[in-house]
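Student: I would like to go through this model step by step. Please show it first.
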Amino acid sequence: MKSFCVLNSAVTPAVALNIGAAVAEVLGGKLGVLYCGSDASCVTAQNIAKGIKKQGGCAILAENAFEAQTAFACKHYSLDGAFFVNGDSKCSISVCGGDAVTLTSSQEEEISALVAKDKLSGHRGGSIVQTDLNSVYYKHLLEIAESLEGVAVSIKSENLLIRTQCTRTLLALGGENKGRVTFFISPSGLCLSAVDEYGKIRTRDELLSVLYALKITREKTPVEISFSLSEALDALAKENGVEIRRSFTGGNELFTKDSVLLAVTILNYMSQIGCGLNELCSILPETAVSRKSFTSSADILKIADAIECEQLVTDGNSVFAKVHGSNVLVTPNGTRGRYCLEVQAADSETAREIALSLTDIYN
């Protein structure tokens, strides 16, 4: 979830109200306002909600939330968008659209202009509704996990709410909060990694790839996946007669935006199959990955033109290409002019060679 504004300072009531009103004017009137639970975030969230109400919209307030829950909130409450307010004396404010993805640059510019002008006249009929998001979220975890009998896993997160939700779900469905397998979830709930029974680290992309492999082989339903996921999924989908489409947004599944849901879904498969994480991950052959960063004055389209490849796709922001049968992904790396290059290949030597040859061209 991309920050619309990170003020990194005390947010005045007037500024928060203007932000709420501006976003309601641009995105629509039904907006979620989630906040972490600190006193400062509570005050800021309430003022954002007042701004939404001022424009005649409906603000759905949810306290003690974590950022990844915005995706679930958008879908569950059929929202036009959602805020997440985080921090103590200094707050960061993030906003996403109704599909829980980042705003377009034109939407961000329009919102910024409205906030700066402070000329929104307001409308009647707005409302603010307080909701118990964590209760409905926990119910959703129980529904997707179904049963966790025979699963023993440790859940680690600096966010107490995330640890509580995961542990509560695990114990309620017959699992145990212990064992060598450990899931690590970031405080935002957006990132996940794991360590299997043999101490091998499993990344978020690897876990997502395994989950989609299970859906392909067991559910036989079409899937939309990110370009960054394992190239082995294409062959697996073809073998099982399943349609697979890659995209830069990574599909509409909630677990692609919320790593708590991703972790619980994986635990459910471990229980269904009756295996550990290492065995579950063996469904896909290992793919070697090489990552490099580079700096270039060229824009992303000129970078795309420099790649000699069999296939190329770009959304004007990132580039995906097939080079000698291997997957290449180029994405902006925060600072203007800096890029991240990721190469997936059958072996590490091939991945390194392609990465080096491409970065030599760009540099």
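Student: What is the strand order of the open sheet of 5 strands?
Tutor: This is a predicted model, so local features need pLDDT of at least 70 and side-chain atom pairs pLDDT 80 or more, while totals for chains, interfaces and linings use all residues. Residues are numbered from 1 along each chain as its sequence is written, and side-chain values use heavy atoms, without hydrogens and water. Strands here are DSSP runs of E with at least two residues, helices are runs of H or I with at least four, and both are numbered from the N terminus. Two strands pair if DSSP finds at least two bridges between them. The pairing is antiparallel, and the order is β13-β17-β16-β15-β14.

Student: Which are the edge strands?
Tutor: An edge strand pairs on one side only. From one strand to the next, the twist averages 15°. The edges are β13 and β14 (311-314).

Student: How many bridges join β16 to β17?
Tutor: β16 covers residues 326-332 and β17 covers residues 338-345. The two run antiparallel. V328 stands opposite V343 in β17. The number of bridges joining β16 to β17 is 6.

Student: At about what angle to β13 does helix α12 run?
Tutor: Helix α12 spans residues 348-362. It lies across β13, β15 (319-323), β16 and β17. Axes are lines fitted to C-alpha atoms, for helices over the stretch in contact (heavy atoms within 4.5 Å), and angles run from 0 to 180 degrees between N-to-C directions. The angle to β13 is about 10°.

Student: Are the rings of F294 and Y339 stacked or edge-to-face?
Tutor: Rings of Phe, Tyr and Trp (its six-membered ring) pair if their centres lie within 6.5 Å; planes under 30 degrees apart are stacked, over 60 edge-to-face, and the rest tilted. F294 lies in strand β13 and Y339 in strand β17, so the pair ties together parts 45 residues apart in sequence. The centres are 5.4 Å apart and the planes at 20°, so the pair is stacked.

Student: Is Y339 buried or exposed?
Tutor: Buried means under 20% relative accessible area, exposed over 50%, and partly exposed in between (1.4 Å probe, protein chains only). F294 has 2% and is buried. Y339, at 8%, also counts as buried.

Student: Which residue forms an edge-to-face aromatic pair with F72?
Tutor: The structure holds 6 aromatic pairs. In this one the rings are 5.4 Å centre to centre, with 80° between the planes. F72 lies in helix α3 (residues 69-76) and its partner in helix α5 (residues 133-145), so the pair ties together parts 65 residues apart in sequence. Both residues are buried. The partner is Y137.

Student: Which residues do ring pairs link into a cluster with F66?
Tutor: F72 is buried, and so is Y137. Ring pairs join F66 to F72 and Y137.

Student: Why are the buried residues of α8 on the same side?
Tutor: The buried residues are A232, L233, L236 and A237. An α-helix has 3.6 residues a turn, so residues three or four places apart point the same way.

Student: What covers the buried residues of α8?
Tutor: The face turned away from the buried side carries the exposed A235, K238 and E239. After α8 comes G241, whose phi is positive, near 65°. The cover includes α7 (204-219), β11 (223-226) and β12.

Student: Which residue forms a salt bridge with D234?
Tutor: A salt bridge is a side-chain nitrogen of Lys or Arg within 4 Å of a carboxyl oxygen of Asp or Glu. Here the closest N and O atoms are 2.9 Å apart. D234 sits in helix α8 (residues 232-239) and its partner in strand β12 (residues 244-247), 12 residues apart. The partner is R246.

Student: How many residues apart are K200 and E286?
Tutor: Their side chains meet in a salt bridge at 2.5 Å, N to O. K200 is in the loop between β9 (192-195) and β10 (201-202), and E286 in the loop between α10 (277-281) and β13 (288-295). K200 is partly exposed at 30%, whereas E286 is exposed at 61%. They are 86 residues apart.

Student: How many salt bridges does a search of the whole structure find?
Tutor: D205 and R204 form one, at 3.9 Å between the closest N and O atoms. D196, R202 and E206 are linked in a network. The search finds 9.
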